[in-house]
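Student: I'd like to learn how to read strand pairing in a protein model. Could we work through one together?

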Amino acid sequence: QVQLVESGGGLVQAGDSLRLSCAASGRTLSAYTMAWFRQAPGKEREFVGGISWTGRSIYYADSVKGRFTISRDNDLNMVYLQMNSLKPEDTAVYYCAADGFVGRLSRATTDFGAWGPGTQVTVSS
């Protein structure tokens, strides 16, 4: 099945920007909806943003609208999360995930069957 690996995390100051990347390898399915999730210590994993295979459907959590941008490059098997105006509350481990169910635009962790190991994003004040 598809394997996902995130990169680009790090320690930044409030107001800074980061660009996270998710590289897919192994078997990839063209119909995947891809999404980013994050999990802070002591909290449940939460949805950040998702994008359909074509890129025509893009959706975000309210907490990141206007600050984060999700994109994908299917030729390179890459998904990106551009994070601007970062806040301390954005601190979390960020995960990319793939949903193989055609046509579904989900925000639920249980709908995504493939996950990367995560990359740490820490935003200091």
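Student: Which residue in β6 is the bridge partner of Gly 49?

Tutor: Happy to start there, and keep in mind that this model is predicted. The general idea first: strands of a sheet pair through backbone hydrogen bonds, either parallel or antiparallel. Here, the partner of Gly 49 in β6 is Tyr 60. That pair belongs to the antiparallel pairing of β5 with β6 (residues 58-60), which has three bridges.

Student: How many residues lie between β5 and β6 in their hairpin?

Tutor: Six residues sit between them, and Gly 55 in the turn has a positive phi of about 85°. Now look at the hairpin of β4 and β5: this one also has six residues between its strands, and Gly 42 takes a positive phi near 75°.

Student: In which sense do β4 and β5 pair?

Tutor: In the antiparallel sense, over five bridges. To find your way along the pairing, pick out Phe 37, whose bridge partner in β5 is Phe 47.

Student: Is Thr 33 buried or exposed?

Tutor: Thr 33 is buried, with a relative accessible area of 2%. This residue lies in strand β4 (residues 33-39). Leaving out residues up to four places away in sequence, Thr 33 touches a set of residues including Ile 51, Tyr 59, Arg 72, Ala 98 and Phe 112.

Student: Which backbone oxygen does the side chain of Thr 33 reach?

Tutor: That of Arg 104, at 3.0 Å. Arg 104 is also among the residues that Thr 33 touches.

Student: In what order do the strands of the four-stranded open sheet come?

Tutor: The order is β1-β3-β8-β7, with antiparallel pairing. At the edges are β1 (2-7) and β7 (68-73), each of which pairs on one side only. Neighbouring strands of this sheet are turned by 20° against each other on average, ignoring direction.

Student: How many bridges join β3 to β8?

Tutor: Six bridges join strand β3 (residues 18-26) to strand β8 (residues 78-83), and the two run antiparallel.

Conventions
Residues are numbered from 1 along each chain as its sequence is written. This is a predicted model: local features need pLDDT of at least 70, side-chain atom pairs count only at pLDDT 80 or more; totals for chains, interfaces and linings use all residues. Side-chain values use heavy atoms; hydrogens and water are left out. Two strands pair if DSSP finds at least two bridges between them. Axes are lines fitted to C-alpha atoms, for helices over the stretch in contact, and angles run from 0 to 180 degrees between N-to-C directions. Buried means under 20% relative accessible area, exposed over 50%, partly exposed in between (1.4 Å probe, protein chains only). A polar contact is a pair of N or O atoms within 3.5 Å; within protein, one must be able to donate a hydrogen and the other to accept it, and residues adjacent in sequence count only if both atoms are side-chain atoms. Contact means heavy atoms within 4.5 Å.
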